[in-house]
Amino acid sequence: MLNSLSDALRDTLAAALPDAAFRDLTPAYLEEPRGRYKGAGGLLLAPANAQEVSTIVAACNAAKVGVIPYGGGTGLVGGQVAENGPTPVIISMERMTAIREVNATENVLVCEAGAILQSVQDAADTSGRVFPLTLASQGSARIGGNLATNAGGVNVLRYGNTRDLCLGLEAVLPTGEIWHGLTPLRKNNTGYDLRHLLIGAEGTLGIITAASLKLFPKPEGVGAALMVVRDPRAALDLLALAGEQLGQQVSAFELINHMGLAFLAETGPETRIPFDTLPEWMVLVDVGTFGGADPEAALEALFAEAHERGLVTDGVVAQSLAQRAAFWSIRENIPEANRLVGSVSSHDISVPITRIPEFIQRGGQALAQLGEFRINCFGHVGDGNLHYNVFPPKGRSRADYEAERPRVKEIVHDLTHDLGGSISAEHGIGRLKVDDLKKYGDPAKLAAMRAIKQGLDPNGIMNPGAVIG
């Protein structure tokens with residue numbers, strides 16, 4: 001059983017750490033973006049290196065005091081905030097932000113866990129390379145948190161999840177031991193892969209302090225198009241056609257529903273939709289080309305063939321980088337519009353790609369039987385990941401529907417499970433979905449997870465209450 005933070009532990013840490021490691025615990029560290037969780041307090045520490053992290057974790061392990069890792073605070077499932085339980089120590093990575101190395105020859109970048117994702121992208125770009133992880137929160141999200149949650153983003157279709165972009169890690173284990181695994185190797189078959197064990201563990205098995213990341217060549221040309229499709233089934237047919245015509249040049253394929261566009265119009269910022277009327281469904285196709293291929297011509301050819309087949313009814317191909325950025329601003333502003341409207345329940349789910357239309361149809365029908373709702377369904381349809389968010393009718397607030405929230409979530413997650421999908425596609429489990437994981441998770445997998453947790457963290461100090469409770 002964990003203990004609460006004591007004066008004795010505070011004294012131990014004060015004697016072992018420099019003054020600069022101690023921070024004031026402001027409300028920002030006790031909140032999360034959706035306002036569902038609020039931390040009760042704790043001691044906030046901002047170590048400068050892995051050795052200081054080791055010192056903190058070792059002391060907390062000896063005292064049996066919980067440790068909450070804190071990155072950029074952008075997580076959407078409450079993994080960074082402990083509402084209940086004994087008072088913890090919060091370890092912020094805000095001082096560990098160095099880009100240690102960029103090796104363009106080996107296509108490797110080494111950075112500390114507190115590096116802002118945008119800074120990593122910029123460092124890669126300066127060296128003529130691309131780090132392709134792209135998120136709406138990339139201006140504040142930190143690499144350690146991206147790895148701990150195995151973040152997805154818009155480029156998974158081409159480059160994979162964060163797990164696929166990592167070659168090695170430096171991490172502090174629950175005992176305080178430092179694992180020095182910052183390898184640039186792409187082949188390393190030497191037993192259990194601790195890298196993949198820690199990635200996606202959400203800080204429950206250790207704290208990532210640095211990472212070796214994969215870089216990629218910059219595409220010679222980039223382009224984007226918005227295409228109006230008649231329904232989600234047509235969007236999937238368009239995705240298949242894009243794969244046939246463009247292959248690996250397709251970087252992102254985003255499904256957008258009219259409700260998201262209506263929310264943008266309702267809440268701002270002012271966003272120009274390049275169609276006379278808001279389409280019921282449209283897709284944003286983004287490409288990166290090599291070998292002298294013209295991205296505009298490639299997208300125009302895709303539209304022409306799709307129109308010939310009756311898959312699309314209208315479309316606009318970006319004629320400049322500025323127009324491409326404007327197209328992406330539509331997609332990237334939808335989450336903020338959702339936040340301003342206020343959802344009854346938000347869901348980050350994935351289903352087999354071919355079953356997306358069935359999910360959308362059955363989900364709408366099931367929720368309509370429960371009550372009147374507005375549904376904003378959008379997301380990374382190229383990899384099966386939908387953000388399926390349920391909102392009150394216009395003129396009502398989410399507070400009016402708080403009693404219905406558990407049932408809304410249950411309907412969406414039951415359907416997701418029934419179709420062979422996942423109740424967490426890219427946001428993680430955190431504290432929000434602990435009970436859902438118990439309900440829908442495979443029993444053998446859950447037993448193995450508990451055994452791993454017990455073996456590495458027998459005192460249960462690492463992010464207590466997250467993932468497996």
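1. Pairing first. Two strands pair if DSSP finds at least two bridges between them. Strands are DSSP runs of E with at least two residues, helices are runs of H or I with at least four, and both are numbered from the N terminus. In E8, Ile178 is the bridge partner of Val172. Strand E7 covers residues 166–172 and is joined to E8 by four bridges. E7 and E8 run antiparallel.

2. Ground rules. This is a predicted model, where local features need pLDDT of at least 70, side-chain atom pairs count only at pLDDT 80 or more, and totals for chains, interfaces and linings use all residues. Residues are numbered from 1 along each chain as its sequence is written, and side-chain values use heavy atoms, with hydrogens and water left out.

3. The antiparallel sheet. Strands of a sheet pair through backbone hydrogen bonds, either parallel or antiparallel. Here, five strands form an open sheet with antiparallel pairing. Their order is E4-E5-E9-E7-E8. Which strands stand at the edges? They are strand E4 (99–103) and strand E8 (178–181), and each pairs on one side only. On average, neighbouring strands of this sheet are turned by 15° against each other, direction ignored. Angles run from 0 to 180 degrees between N-to-C directions; axes are lines fitted to C-alpha atoms, for helices over the stretch in contact.

4. The term means a side-chain nitrogen of Lys or Arg within 4 Å of a carboxyl oxygen of Asp or Glu. The structure holds 23 salt bridges. One of them joins the side chains of Arg100 and Glu112, at 3.5 Å from N to O. Arg100 is in strand E4, and Glu112 is in strand E5 (residues 108–112). The two residues are twelve residues apart, and the pair links distant parts of the chain.

5. The parallel sheet. Three strands form a second open sheet, in the order E1-E3-E2, with parallel pairing. Strand E1 (43–45) and strand E2 (67–70) are at the edges with a single partner strand each, so one side of each has no neighbour in the sheet. Neighbouring strands of this sheet are turned by 25° on average, direction ignored. E1 pairs with strand E3 (residues 89–92) over three bridges. Leu44 stands opposite Ile90 in E3.

6. Contact means heavy atoms within 4.5 Å.

7. H1 against H2. Two packed helices are described by the angle between their axes and the distance between the axes. Helix H1 (residues 7–16) packs with H2 at about 160°, and the axes are 10 Å apart. That makes H1 roughly antiparallel to H2. The cut-offs: under 35 degrees is roughly parallel, over 145 roughly antiparallel, 65 to 115 roughly perpendicular, and the rest oblique. Leu9, Thr12, Leu13 and Ala16 of H1 meet Thr55, Ile56, Ala59, Cys60 and Ala63 of H2. This contact has seven nonpolar, two polar and no charged residues. Ala, Val, Leu, Ile, Met, Phe, Trp, Tyr, Cys and Pro count as nonpolar; Asp, Glu, Lys and Arg as charged; the others, Gly among them, as polar.

8. H8 against H10. The axes of helix H8 (residues 258–267) and helix H10 (residues 321–341) come within 8 Å and cross at roughly 65°. That makes H8 roughly perpendicular to H10. Their crossing is left-handed. Residues of H8 in the contact include Leu261, Phe263 and Leu264, and those of H10 include Ile330, Ile334 and Val341. By class, the contact has eight nonpolar, four polar and one charged residues.

9. H11 against H12. How do helix H11 (residues 356–370) and helix H12 (residues 405–418) cross? Their axes come within 10 Å and cross at roughly 150°. The two helices are therefore roughly antiparallel. H11 passes H12 in a right-handed crossing. Among the contact residues are Phe359 and Leu370 in H11, with Ile411 and Leu415 in H12. The contact has eight nonpolar, two polar and three charged residues.

Definitions and conventions:
A crossing is left-handed if the near helix is turned anticlockwise from the far one by less than a right angle, and right-handed if clockwise.
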